[in-house]
Amino acid sequence: MTDLTTLGIAAIRDGVRDGQFKAREVAEAFNAKVAGADALNAFLVKTPEHALAAADAADAARAAGETLKPLAGVPIGMKDLFATNGVATTAASKILEGFVPPYESTVSQNLWNAGAGMLGKLNLDQFAMGSSNETSAFGNVISPWRRPNDTAPLAPGGSSGGSSTAVAAGLAPGATGTDTGGSIRQPAAFTGISGIKPTYGRCSRWGTIAFASSLDQAGPMARDVRDCAIMLEAMAGFDVKDATSLKLDVPNWEAALSADLKGKKVGVPKEYRVDGMPAEIEALWQQGIDWLRDAGAEIVEVSLPHTKYALPAYYIIAPAEASSNLARYDGVRYGLRDLPEGAGLQDMYAATRAAGFGDEVKRRILIGTYVLSAGFYDAYYTQAQKVRTLIARDFERAFESCDVLLTPTAPSAAFALGEKQADPLAMYLNDVFTVPASLAGLPAMSVPGGLDKDGLPLGLQIIGKALDEQGVLNAGLALEQRAGFTARPQAWW
């Protein structure tokens, strides 16, 4: 029999439905693989019993002749930013160590309702703040990829680094991610998988630990475009508990997938050709343009003139919202409490937050608190919000002459862990291509396009109009079919 852990979501779903194998066999195979991959540090909590229970329910339903649920028999990884009832949820931070929610996030509940099982909770950058998965309080996630003749551990991207590593290493056929400024797309590009950030509001944020509330959006990470479409259908939907949730029906994205782009126009934003862009990234971008032209699309140049202001605006808005959101972690109600001898309330607050938050989280809280302070609110935060409006307007104008945009996903392939940790600005620049779509709330996807000179994956990004996930998925499918990307990391772990 085929190694079941080499199969993606669609193949597992169809195989269980058609009786080619039992869902329990799938769950057992993935549980065993997860158990043997501790060297990657992708999982913070393993839940083999959850995956087996969902698998047994799928097998029982099939034996009874019932119609199977959309994800029956499919085990997945859950980013540890989603609250899971009865299972520890920490956001990879010491301040939430030992916290076990008595409730379920809407996104995870939607997936369980669709028949999926949970293999475990996935590691991430602490409170989703990071681009390399080096800020977790529980150790770095290691990419399954290696440079040839080099054992230096590589970054799996961030913040959804546990998710990207789990999918790329074959520990899970799919995983949830969250994307605030590129945290689904950049790690997908670094590890040679696909990932889509849907339109802001498509997936409920209820029960998802907040970083920046006006930017955070859940999405799927999987081995290919079809699997992302299947998983996103299960995750998305209106939620009365989330005021930003869009009251819209969830389209059948999988059924409408088409790589035929005849009659479509693809915009190439000239501002994304940044100084110092590696020749390999430029060459891949040109290759992507040629592939979409081959798929029938017309290529047009467009302008997004405020792109250069996106990164500084993001790193004002996101920390400002983080400063407000993280104020709730004070040692009073749940999570860590550090109460020095003879301490008062203010001392407890200070000690708890000093011990519970990592350096990057503290840095962003300080930035956010500063830009929201009375003397600087108008100079920084108000100006950044105005820039955000201009960036959204740029996209609206660009989409008057095209249907989707094509850009690189990240300015480089994966770098070694520790390589950029000492320079926060160098780390923040990893988000230069992904942040603009996040500020505008637009759907955007990364698809693997090729390998760099060291044999590491490179990604191409498709950005679409608001609510046009179908257009993004279709363009992604056209790229995927022409790229023919089949490279997989060689197991060393």
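On a 1 Å grid over the protein atoms alone, a pocket is an open set of points with protein on both sides within 12 Å along at least five of seven lines, whereas a cavity is a set where a 1.4 Å probe fits but cannot get out; lining residues have an atom within 4 Å of a point. Grid points are joined across faces, edges and corners, and a volume is the space filled by probe spheres set on the points. The structure is a predicted model, in which local features need pLDDT of at least 70 and side-chain atom pairs count only at pLDDT 80 or more, while totals for chains, interfaces and linings use all residues. Residues are numbered from 1 along each chain as its sequence is written, and side-chain values use heavy atoms, with hydrogens and water left out.

The largest pocket has a volume of about 300 Å³. It is lined by 16 residues, and Gly207, Thr208, Ile209, Ala210 and Arg328 are the closest to its centre. This lining comprises 8 nonpolar, 3 polar and 5 charged residues; here Ala, Val, Leu, Ile, Met, Phe, Trp, Tyr, Cys and Pro count as nonpolar, Asp, Glu, Lys and Arg as charged, and the others, Gly among them, as polar.

The second largest pocket holds about 230 Å³ of space. Of its 18 lining residues, Thr135, Asp359, Glu360, Arg363 and Gln421 lie nearest the centre. Helices (H or I, at least four residues) and strands (E, at least two) are DSSP runs, numbered from the N terminus. At least two lining residues come from each of α11 (359–372) and α13 (424–428), and the largest share, 4 residues, is that of α11.

The largest cavity contains about 70 Å³, and its 13 lining residues include Gly130, Ser183, Tyr314, Arg364 and Asp431, which lie nearest its centre. Its lining divides into 4 nonpolar, 7 polar and 2 charged residues. For the second largest cavity, the volume is about 40 Å³; Trp145, Arg223 and Pro489 are among the residues that line it.

Strand β2 (residues 75–79) is mostly covered, with 5 of its 5 residues buried (under 20% relative accessible area, 1.4 Å probe, protein chains only). Pro75, Gly77 and Lys79 point one way from β2, and Ile76 and Met78 point the other way. Strand β2 pairs in the parallel sense with β3 (residues 117–122) over 5 bridges, where pairing requires at least two DSSP bridges between the strands. Within β3, Gly117 is the bridge partner of Pro75.

Definitions and conventions. Buried < 20%, exposed > 50% of the residue type's maximum accessible area, 1.4 Å probe, protein only.
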